[in-house]
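Open the model in your viewer and keep the selection panel at hand. The tour goes from a strand pair to a sheet, then to helices, a hairpin and the chain contact.

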Amino acid sequence: MILEDGRRVDGRRPDELRPTTIEVGILKNADGSALIRQGKNKIIVAVYGPRELHPRHLALPDRAIIRCRYHMVPFSVPERKSPAPTRREIELSKVIREALEPAVILSSFPRTTIDVFIEVLQADGGTRTASITAASVALADAGIPMRDLVTAVAVGKVDGTLVLDLNHVEDQYGDGDMPVAMMPSLGQITLLQADGNFTLEEFKRGLELAMQGIRRLYEIQKRALKEKYSSLALELRKGRS
Amino acid sequence: MPIFFKSGSIVLPGDVIAEGNYRASEGVTRTDNKYISLYLGILRIGKSGSLSVIPFKHIYVPEVGDIVVGKVRDVGVTSWLIDINSPYPAVLQLSEALSKPIDVTKVDLRQYLDIGDVIVAKVIEFDYLRDPMLTIKESRLGRVTEGLLLEFQPFLVYKVLESRLKLIEEVKSKLKCDIIVGKNGRVVVMGAKDRLLRVVDVLMMIFEDFSAGSTERIRKYISKLRD
């Protein structure tokens, strides 16, 4: 799947991300929201809270909990996907929640919940990592205190070459796939999965490649957040006299 | 010991604001020698080296002594449940609302406060383990019978309470009305009658215009007002 000139199926170089844009605050009703486009992926994230938790018995006396729902809409893939949560979606919801939890200062809001809703509108590989990237932006938009944003990207092995940010084809027919999420400023990893075969050397180089990608995505996240609020700050400054 | 941002610039969660010896105030945490922002907001550097970040979206958490504007959400047998624009709903006990005891088996609490009523109340107890308790048994507290309810971002209200209370006092005396600023971001205007639009206009300036020289400009505007 790697062409003779070293390009990938979609024309990218091995260490190149898909074109990525993030929009912040796209939903009025939600406390925080974000839309990410990463290649053909298109994912909306809405954050509600911190808010009262029902049923009450789930509440923790010393901190907030995060509830996360990752869901793919029926038209997000070529073959209709049943809207009911699948085993995969339930697992991804948990994995994404656990990737976000270390970043959020949960002890600020005991007994409450922070709800993260992720709707995948169009899927083309790497939706879990794109969801994490967008969800952390939406959390920041909601005014929730966080140690750092969380940024995620996958690396994989295709025809023996390590490649960054797999798309659907590379994910399906490649030899390995390793999603990584981290808090870039703090340099701490919050999610590390791998499937396929990696030698120790490949794993080390793959992780390094993922970190490079994460640093680039982190800049995109920061720019998206600042853009929304620099226009708000301008509005505040405009004055009315 | 460098500071990496200017006072007043926008910072994000995870941004390293400074390294060295400063004081981490609201919205800033210290790990090792680094000062890290917790919020998406505006950085403020105090004269004594205190670093704080004012979030763009402030989540109101009650504190004992706060004056808040609440809406009645539910009526219980001996208490009311009040929405105070916070993750924690507040409770108003019967004993904190009425001066003398009543027989709850005979009287419906709805005749005192019903769902949807707006009240001005004070937080008398909150420790995170239980929901905050309110009282309306003080002067200037109680049900709002007429007027207009405005909502602002709680962080704007903080800024106003910090530096612009005088302007509000001036508006009150100039336009002969009563304005109550709740810490939870809600503001009530009472007794303004036909001057209401003008009051709202000035309040929008006070709460939303924080550009350079705006305080002086608003003061001048207020001094020209006549009722």
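Select B:Ile179 first: its bridge partner in E16(B) is B:Val189. This is a predicted model, in which local features need pLDDT of at least 70 and side-chain atom pairs count only at pLDDT 80 or more, while totals for chains, interfaces and linings use all residues. Residues are numbered from 1 along each chain as its sequence is written, chains are lettered from A and ligands numbered from 1 in the order in which they are written, and side-chain values use heavy atoms, with hydrogens and water left out.

**The sheet**

Show E15(B) and strand E16 (residues 186–190) of chain B. They run antiparallel, joined by 4 bridges. Strands (E, at least two residues) and helices (H or I, at least four) are DSSP runs, numbered from the N terminus. Two strands pair if DSSP finds at least two bridges between them.

The 3 strands form an open antiparallel sheet of chain B, in the order E14-E16-E15. Strand E14 (148–151) and strand E15 (178–181) each have a single partner strand, so one side of each has no neighbour in the sheet. From one strand to the next, the twist averages 20°.

H3(B) packs on this sheet and touches E14, E15 and E16 of chain B. Its direction makes about 150° with that of E16(B). Angles run from 0 to 180 degrees between N-to-C directions; axes are lines fitted to C-alpha atoms, for helices over the stretch in contact.

**The helix pair**

Select residues 154–163 (H1) and 196–208 (H3) of chain B. These helices pack at about 90°, with their axes 8 Å apart. H1(B) and H3(B) are therefore roughly perpendicular (65 to 115 degrees). B:Leu156, B:Val157 and B:Val160 of H1(B) meet B:Ile206, B:Phe207 and B:Glu208 of H3(B). Contact means heavy atoms within 4.5 Å.

**The hairpin**

Move to E6(B) and strand E7 (residues 50–55) of chain B, an antiparallel pair with 5 bridges. In E7(B), B:Leu51 is the bridge partner of B:Ile45. The hairpin has 4 residues between its strands, and B:Gly49 in the turn has a positive phi of about 85°.

**The chain contact**

Show both chains. The contact takes 30 residues from chain B and 38 residues from chain A. Together they bury about 2,900 Å², 62% of it on carbon and sulfur atoms. Buried area is the accessible area (1.4 Å probe) that two parts lose on being put together, summed over both.

How many salt bridges cross the interface of chain B and chain A? The rule finds 4. It asks for a side-chain nitrogen of Lys or Arg within 4 Å of a carboxyl oxygen of Asp or Glu. End on B:Asp15 and A:Lys222, whose side chains meet in a salt bridge (3.6 Å, N to O).

Conventions
Angles under 35 degrees count as roughly parallel, over 145 as roughly antiparallel, 65 to 115 as roughly perpendicular and the rest as oblique.
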